[in-house]
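Here's a quick briefing to keep beside you while you look through the model.

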Amino acid sequence: MTAQQQPQPRSTQSKNTRVLLIALGVICFMLVLVATAPAAYRKFCEITGIAGTTQVASAAELAVAEQAAQAGGLGEIEILFTASVEPSLDWKFRPKQRTITLPIGEQRQIEYVAKNQSKTMITRGTATFNVTPLQAGRYFSKIQCFCFEDQQLEPGQAVDMPVVFYVDPAIRDDPDMKDLRQITLAYTFFNAAD
């Protein structure tokens, strides 16, 4: 047997197997990371309010905010509502009111109107949303919103879509937000099939 034809020593095979297993482990870890990253990022944005992501309020949080609003001294804030529709969805979508002014901590309901202008039997839409300035997202708390689930409209059907929300009194404790006078809540409807 020549030197080139000799089998590899057992320790070399063991090292190669270990390197292969480590490489496969790293690849599996990266695949899991890629698969879970979008959900983890969404949850991170919900918790921190980063990127204008609003909060979903509990009944206890609402009660605390309303007590602070009744105590007064927090001032008022103007909320501007905007709406848009992605071109592949043949809907008309707009807020019933462009702006409201409310005491900080007070619950309020507003409505958007959506109309299916297509001749399609049922069109499903899903709404994305954000708040500007982006840092205000952590203080904008929704209690009820049409954006929590897909919406279905028959041809020509128009519906009112409510949003119930409040602005958390903690906004006045944030040095970057304490003088904020206006928040914009923006929705965009997309075709859920897309």
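**Around strand β10**

T82 sits opposite A186 in β10. This is a predicted model, where local features need pLDDT of at least 70, side-chain atom pairs count only at pLDDT 80 or more, and totals for chains, interfaces and linings use all residues. Residues are numbered from 1 along each chain as its sequence is written, and side-chain values use heavy atoms, with hydrogens and water left out.

**How β10 pairs**

- Strand β2 (residues 76-85) runs parallel to strand β10 (residues 182-191), and eight bridges link them. For two strands to count as paired, DSSP has to find at least two bridges between them.
- Strands here are DSSP runs of E with at least two residues, helices are runs of H or I with at least four residues, and both are numbered from the N terminus.
- E78 has Q182 in β10 as its bridge partner.
- Strand β6 (residues 123-132) is antiparallel to β10, again with eight bridges.
- A127 has F189 in β10 as its bridge partner.

**The sheet they belong to**

- The order β4-β2-β10-β6-β8 makes up an open sheet of five strands with mixed pairing.
- At the edges are β4 (99-103) and β8 (151-153), each of which pairs on one side only.
- On average, neighbouring strands of this sheet are turned by 30 degrees against each other, direction ignored. The axes are lines fitted to C-alpha atoms (for helices, over the stretch in contact), and angles run from 0 to 180 degrees between N-to-C directions.

**A closer look at T184**

- T184 is part of strand β10.
- Is T184 buried or exposed? T184 counts as buried because its relative accessible area is 15%; the cut-offs are under 20% for buried, over 50% for exposed and partly exposed in between, using a 1.4 Å probe and protein chains only.
- Leaving out residues up to four places away in sequence, T184 touches L80, T82, N130, V131 and T132. A contact means heavy atoms within 4.5 Å.

**The chain as a whole**

- The chain has two helices and 10 strands, in the sequence pattern α-β-α-β-β-β-β-β-β-β-β-β.
- Of its 194 residues, 31% count as buried.
- Take the contacts between residues at least 6 apart in sequence: 74% of them join residues at least 24 apart.
- The accessible surface comes to about 11,800 Å², and 56% of that belongs to carbon and sulfur atoms. These areas come from the Shrake-Rupley method with a 1.4 Å probe; for residues, only the protein chains shown count as cover.
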